Amino acid sequence: MIDTLLFQPERLGAALGLLLGYGLLCAGCARQARRLARDAGGHARRGDDGTPPADHASDRAWPPASAGPTAFAAGSADPAGPDWLVAYASQTGTVAAWAEQTARLLRAAGARARVASLCELTPAALAREERALILVSTAGQGDPPDDALGFASDCFERDGALALDGLRYGLLAAGDSDYPVFCGFGRWLDHWLLAHGARPCFERVEVDRGDATALALWQRRIGALAAREAGPGTVIASVASVPGPDAAAGTDADARAATDVDDGVAPGNDAATFAEPAFSPWRLVARHRLNPGSIGEPVCHLLLEAPDADARGWQAGDLVELRAPGDGGRARRYTVCNAPGADGRIELLVRRHRRDDGGIGIASGWLTGGLAPGGEVRLRLRAHPSFRIGANAGRPLVLIGSGTGMAGLRAHWQARADAVASAGAAAPAAAPVWLLFGERQRERDAFFADEIAAALADGRLARADLAFSRDAAGTPAAAPRHVQDLLHAEADRLRDWVDAGAALYVCGRLAGMGEGVDGALRELLGGAAVDALARAGRYRRDLY
Ligand SMILES: Cc1cc2nc3c(=O)[nH]c(=O)nc-3n(C[C@H](O)[C@H](O)[C@H](O)COP(=O)(O)O)c2cc1C
């Protein structure tokens, strides 16, 4: 996605800079070159046919089951011990959660740890730090997550002018090797840090699809660092029980030798266990097809009921991860389609996926067909901080999306309406909500048309603009066909809303819609303004 936000020459002149800078950095740093050589072959754990091996299919478990209970005893560590910044950039919340867990590990080892999103940091602020653990994912096509856009563009602007030689850091790069540019942002950031004099405490840890072995390695690295920094006599427990890099298929002893951290951590006691929430058995209450007769694949609206504890603590904008039978234990993500309600139910929108070979996707096929009402779904909720309402609760909202992206938009307009209802009559008038949505045919694919009409009638929605791409025959050529065309058609209104403080939320497919909407926004508002909105948390995206 940032190729449209940051890395296009006509915008920040950065695409060329990135490529050039990347090349120069690689050329200029022998150690990095060795690392890159390893990177090139380092993902040979994929099967010969290009399919991911079974361990990649594991969900984002942290720590891996094999790690056993993870315990860090503070021992004799100075409670006001070394101060760590744990910085993260995360598009869909995975890495944000790992950052929190990383900080917990450090604190349990007697260190002080502050967690901050890269959107709260500048390169100059980072330069003032002595110790940082940095965890970043990659989004779009090898790009930074949205919360790192400002930081990344600052890196370009300050390139050459910044000295980071006072900083020691460890870097975790999360990605998915199914994408052509694996861990693109994490690798770029690592090179940028090195080029500016920052010193790595250990070799970059790359985590492919939540790979448990790589997470275990990260955990070992932190444990060893914490032990060393906490000083002699500190007992840090259980880190030694995490399988070492040599025990793991495909990891390299060289990476271990290259680090300046000793993994020999003394076993100890006491537990400060952390773990991902378990999958719970939710139940399918009802399923309706939203687009009968559509020329597209079926889109179903699913209603799911929670086992008690799972229904709490989530917000509009959050995701679920679920496992379908026969899907190799892989966790699939869907955006929740409703706001939290008293009944504790969640709703999902699922389009049946048609593969290139004509077959049907395992998870989407099951959710839209094989799973019978009353049937069980192994599911867990996942916070998605960068798509939540956050500080935008009082702002006008512009909700933009297409297809199953309706899910995240609906959750937000429902949540806004619920917040207004619970504030009571004395509350000030709610900030307005504007929906812009695209699908194929009005007659078949107008998801939630009745609900939208009712919301317009009672003011929950101030305005709704819909575009149907396959209804264009017979209409003027200039008529909006896609949601990005709606933005162009409503350019003045869009500028007025943004001037009035609106936040923009975009949900749906990255390819086509997400990129097209980003391009339209940049054309209409200007690239710098869009970057500023992103930095201020007023441009939030849930793209897939
Ligand atoms: C829309 C989208 C685009 C992605 N693009 C890439 C990519 O270009 N390279 C990569 O290695 N991983 C890519 N990923 C995978 C994510 O980096 C990976 O799932 C990561 O664990 C997500 O962490 P987060 O939830 O903290 O953002 C992409 C994921 C999504 C949803």
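Which residues come nearest to the ligand, of the 25 around it? They are S90, T94, V95, S137 and G175. A residue counts as near a molecule if its C-beta atom, placed from the backbone, lies within 6 Å of it. The elements giving two or more residues to that shell are α5 (94–108) and β4 (168–175), and α5 gives the most, with three. By class, the shell has twelve nonpolar, twelve polar and one charged residues. In that scheme Ala, Val, Leu, Ile, Met, Phe, Trp, Tyr, Cys and Pro are nonpolar, Asp, Glu, Lys and Arg are charged, and the others, Gly among them, are polar.

Before I go on, some housekeeping. This is a predicted model: local features need pLDDT of at least 70 and side-chain atom pairs count only at pLDDT 80 or more, while totals for chains, interfaces and linings use all residues. Residues are numbered from 1 along each chain as its sequence is written.

Okay, the overall picture. The protein has 18 helices and 17 strands; these are DSSP runs numbered from the N terminus, helices being H or I with at least four residues and strands E with at least two. Of the 544 residues, 48% count as buried. Buried means that 20 or more other C-beta atoms, placed from the backbone, lie within 10 Å of the residue's own; 12 or fewer is exposed, and in between is partly exposed.

Now the inside. In soluble globular proteins, nonpolar side chains tend to be buried together. Here the largest nonpolar core has 134 residues, and V86, Y88, V136, L348, L399 and L435 have the most contacts inside it. Such a core is a set of buried Ala, Val, Leu, Ile, Met, Phe, Trp, Tyr and Cys residues joined through C-beta atoms within 7 Å. Helix α9 (residues 212–230) gives the most to this core, with eleven residues.

Let's zoom in on V136. Contact here means C-beta atoms, placed from the backbone, within 7 Å.

What about strand β1 (residues 83–89)? Six of its seven residues are buried, so β1 is largely enclosed by the rest of the structure. Six bridges join β1 to strand β2 (residues 112–117), and the two run parallel; pairing takes at least two DSSP bridges. V86 of the core has V115 as its bridge partner in β2.

For an antiparallel case, look at β7 (residues 280–289). On one pairing, β7 has four bridges to β12 (residues 376–382), with R283 opposite E376. On another, six bridges join β7 to β8 (residues 299–305), where R289 partners C300.

Next, an open sheet: five strands in the order β15-β14-β13-β16-β17, with parallel pairing. Its edge strands, β15 (463–468) and β17 (539–543), each pair on one side only. The twist averages 10° from one strand to the next. Helix α12 (residues 406–423) lies across β13, β14, β16 and β17, at about 155° to β13. Axes are lines fitted to C-alpha atoms, for helices over the stretch in contact, and angles run from 0 to 180 degrees between N-to-C directions.

Last stop: at what angle do helices α17 (residues 510–525) and α18 (residues 527–535) pack? About 115°, with their axes 6 Å apart. L521, R522 and L525 of α17 meet G527, A529 and V530 of α18. That's four nonpolar, one polar and one charged.

Technical notes:
Contact = placed C-beta atoms within 7 Å.
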